[in-house]
Structure formats: C-alpha cells, structure tokens
Number of protein chains: 2
Amino acid sequence: MTVLQQAGEGSRAVKRTIEFIRHHRLQKGDRLPSERELSDRFGVTRSSVREALAVLDALRLTERRPKSGIFLRNALEDSGLDSLVIQANLDLPFDERTMRDVSEARVIFETHAIRLACARRTDADLNRLRGLVANYYSRVQAELNVANEDVEFHLAMAAASQNAIIVRTLTPLFLMSFQWRQKYFSSPVIRRRSLGDHQEFVAAIADRNESRAAALVQKHVHSAFDEVRALAEGNGQPESHNQWVGRDQ
Amino acid sequence: MTVLQQAGEGSRAVKRTIEFIRHHRLQKGDRLPSERELSDRFGVTRSSVREALAVLDALRLTERRPKSGIFLRNALEDSGLDSLVIQANLDLPFDERTMRDVSEARVIFETHAIRLACARRTDADLNRLRGLVANYYSRVQAELNVANEDVEFHLAMAAASQNAIIVRTLTPLFLMSFQWRQKYFSSPVIRRRSLGDHQEFVAAIADRNESRAAALVQKHVHSAFDEVRALAEGNGQPESHNQWVGRDQ
DNA sequence: CCTACCAATCTGGTAGGTCCAGATTGGTAT
DNA sequence: ATACCAATCTGGACCTACCAGATTGGTAGG
C-alpha cells in the first residue's frame, strides 16, 4: 500500500514477458520461447527469467512443463485479478473495456459489502471508520493527497461486513487503479467532495441504513469514474486507445 | 484447470515459507530470516528460495527490501485471493470461517453475475451453456466425475454477464475449493442433482428470468455447502479445526 | 513409401558459486 | 553519552554446471 517497489531485473523480466505475450498476441495453449532464449532476448540471466516465470505461474498465466516448455495457461484477457495489479504496477496500460468492467464490479461488490456492513458492523468497526474519516479530514485540510487514505477507508468499510473474502476481492480492484487514483486525488475539490461522501457513508453505516448506504456507493463510484474518464479524455487520448494507467512522473 | 503441477523445489519453498509464517505466527511487518538462512533451513538453494519469494511478493504477502531483509506485507489472513489458491494447491488447510466467507461471497458474486447474464446474454452465450450442459449430461450418464465441468459451467454463466472482471473474481473462489469439489462430485446422486440445477440455470437464463436465476444460485450453492459441511464433519474433524482442504490420495 | 526405432538435442529443475553495493550494527574514540 | 567508522549482513544479479525426461530428426527395416 505504501511504496511501490522500483522494478529490479526480476520485475523487469515479468514486464518484458507480458509485453512479449501481448506483442505476439499469444493465446491460451501457445508456447513461449525457452527460458534460455528469453534470458538471451531480454538480456538478463536465466535466474531472473525463472523468477519472473514463477510469478507468472502463480498468477495462473503460464504453465511450465518440465522438459517440455512454457505454455500460456490463459489468454491475458482472462488471467487472475492479481495479474492485473502486477500489470498496473508495471505501467502496462489497460483498455477502456477493462476499466469499465472494474468500475461495474466495484459498484456491485462494494454495494453488497456495505449492506452487510450496515447489518453486521460492530462498534469497533464504527470507531475505526470515524478515526479514518478524522484523519482524512485533517489531511484534506492540510492539502495533502489522500489516495492511500481513500483506499484504506473503503477497505475498512468492506471489513465491517465481517467477510474477509469480500475484502480480499475488493483489494485488487483498488490496487489496479492506484496509479490514476493518485492523479484523481491531486485535486482539492475532489478531495473535499470525497470527504463529504465518506462522512455520509459513516452516518449511513452508523444508522444501519442499508438502502441509503447502497445509494451512496453508486453515486460515489460513478462520479469518480466519470471524473477519471473526463480526465483521460482531456489528455487527448483517442477513445479506442485510452491509456488508463500511467504512473506519475 | 486440468492437472495440478506436482510440487518441485520451487513450489516446495513456497509451501515451506508459508508454513514458517504460520508456525511462527508472523504478523504484518515482521521480518523473515534471510534468503541464505531460509535456503539453509529448507535444504534448497537460494535460487529456489528467491523464486518462492518472488511469488510471495507477487501475491503481496512479503516485501523484499534490498540490503535489508524480507518483511511480511500482510498477515496471512488478509493476503490476496490468489494466495489462498496457492495454499489450497499446496494442501495447506483453511479454517471454517474462511470457507464460510467463501461460500457467502460466491453466492453474492454469482447472484449478480447471473442477473447480468440474464440481461445481457447473447445467443452465442446460450449455445455455449447448452453445449456445456450436454457434455455434462453425457459425463453424468457415463458415471464420470464432473468437478472440472462444473467449474467450467459456472464460469461460462459468469462470462455471459459480459463482465470479465466478475469472471476473474469468481475463478479463484472456485479454484481454492477445487480439492473437496473433486470429492463432492464423486457421488452419482450429487452429480445428477447438479445436472438438474444446471438445466434449470440455462432455462432461466434463456428466459431472461432474473429472479428465478438468482433464487437458483442461492439454492444451488447453499445445498452444495451444506453437503460438503456434512462431509467434513463425517470425517470426524473437530469443528474448530476443520480441514477443508485435502487433496485426494 | 511408410513405419519403427534410436540417439542427439533441447527443455525445465536444481545446485552452488561469485561479485556488488547499500543497509545494519557494534565497537571505538572522542 | 555521543559521534563515527569499519566489519558484517543483506538482497540483486550473474554464471556455470549437471540431471533426466521430452522432443525430434534421421536412419534402418519392412
């Protein structure tokens, strides 16, 4: 959550490999070059390549068959969510459709999470949320970025659902949009509006008002999505090649 | 989906490391032994340890700080979903609460998925589902296990929602229960009942009958969960230490 | 021309070593 | 008690080597 690790050769091999898959439009079942050839092509050692392949294996993207080769287990489009997080951290862009799906999924999942939170939240949950809002408030007053704090708050709401799986599901959805989230929250106006929303969230959860809370999610996420959409279009990217990811600097 | 890779030293190092974290009850921020000590302790080379750590890094479980050490980024309890998939594949058991959360999350996510599927499914989606049911039928007739086919069908329903993120979210929930799913579907009675449910699913989606489809999900998942629960209790496991994972043989 | 067979080659898996440079740490001198 | 410095420890990357099974290409036999 705190600091993105700067890419070493290991991470770079992951990036190069994913780029290779993209560039060659490899599909499920296709075979990749051997480890030795990849290390040669990427200009790194086989160790680094093997580290990268271990990661891609864990993400269920590739499958290493001993004495045979490396094969694509899934097409890039239907790999796991964590693979999207990795791609985002590596500055590999997503397409418009993926971002739309993420937004829709987040609304769905978070709506249910907050409904459960209204029904099950404990006083400790409520206190934690209030503490987070207080911290959020002071940071907004100090004109500081609140990208991390926003994620923290939303995950805390999810945690109040008392279902750890829901939290773990929402986490990657936030992480993969971490890059532009930072841009989004660079605007003081946005920060203030977001703070107000959070305060309303807490009030609704405190009152156990499910329908109100659910309505707030829709409004909150959709307005954020529209904002980012406008931001991206303002950058002059053509619609069909919208780059939704881009680390600052 | 097809065959679980037999654990090599690389995967074994992952398992040993997770076991180490569990055994020593390491918490977020705690430091692990150095790579050299881990390789020594596990009896494998540092390369294998580094491969394992690369995986744990990708799963957001650990963080390797250059020239400093290896630290736990998250407690095991709130690592990513994919880390649960890995743990399941490594025969590391889950507790009762996790399985309950998974079941609840699956009902929530799949209910929404199937609602969207009713609204958005194309004729191609419908044909695919019918083909899968036909295949399912013939396998049930032939007294074959349908654990894989069941996952395939449910993911195909999710795909009909036209939201790839929802599919990617449901996938790990299925994968992490893959082990006992195989046991569950070893019963011909279960297979027959499951087949009937699937046929009803397709009918509901064909008619775009959202409420009927949603009701079916509740029934389908809950009955399956109850069955597995009874199965686990029948094994004589005490409630508090229920082992929900256990590869056959 | 087709088939069966075998050996050279290629593959991933693992081991074990080196060097590097920055972080950490503990002892020393102030 | 503090400031400082050098030995030590750490992760990052590179390199070579060996193993054994899968793959493959050519050859001998039908």
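Which residue of β3(B) is the bridge partner of Glu63(B)? Keep that in mind as we walk through this predicted model.

**Stop one: the sheet in chain B.** Select strands β1, β2 and β3 of chain B. The three strands make an open sheet, ordered β1-β3-β2, with antiparallel pairing. Now colour β1 (31-32) and β2 (62-65): these strands of chain B stand at the edges with a single partner strand each, so one side of each has no neighbour in the sheet. Next, zoom in on β2(B) and β3 (residues 69-72) of chain B, which pair in the antiparallel sense over four bridges. Pick Glu63(B) and look across to β3(B): its bridge partner there is Phe71(B), which settles our opening question.

**Stop two: a helix pair in chain A.** Move to chain A and select α6 (residues 123-141) and α7 (residues 147-159); their axes come within 10 Å and cross at roughly 165°. That makes α6(A) roughly antiparallel to α7(A). Show side chains to see who touches whom: α6(A) contributes residues including Leu129(A), Leu132(A), Val133(A) and Tyr136(A), while α7(A) brings Phe153(A), Ala156(A) and Met157(A), among others. Colour this contact by residue type and you will find seven nonpolar, one polar and five charged residues.

**Stop three: both chains together.** Finally, zoom out and display chains A and B.

Methods. Residues are numbered from 1 along each chain as its sequence is written. Chains are lettered from A and ligands numbered from 1 in the order in which they are written. This is a predicted model: local features need pLDDT of at least 70, side-chain atom pairs count only at pLDDT 80 or more; totals for chains, interfaces and linings use all residues. Side-chain values use heavy atoms; hydrogens and water are left out. Axes are lines fitted to C-alpha atoms, for helices over the stretch in contact, and angles run from 0 to 180 degrees between N-to-C directions. Helices (H or I, at least four residues) and strands (E, at least two) are DSSP runs, numbered from the N terminus. Angles under 35 degrees count as roughly parallel, over 145 as roughly antiparallel, 65 to 115 as roughly perpendicular and the rest as oblique. Contact means heavy atoms within 4.5 Å. Ala, Val, Leu, Ile, Met, Phe, Trp, Tyr, Cys and Pro count as nonpolar, Asp, Glu, Lys and Arg as charged, and the others, Gly among them, as polar. Two strands pair if DSSP finds at least two bridges between them.
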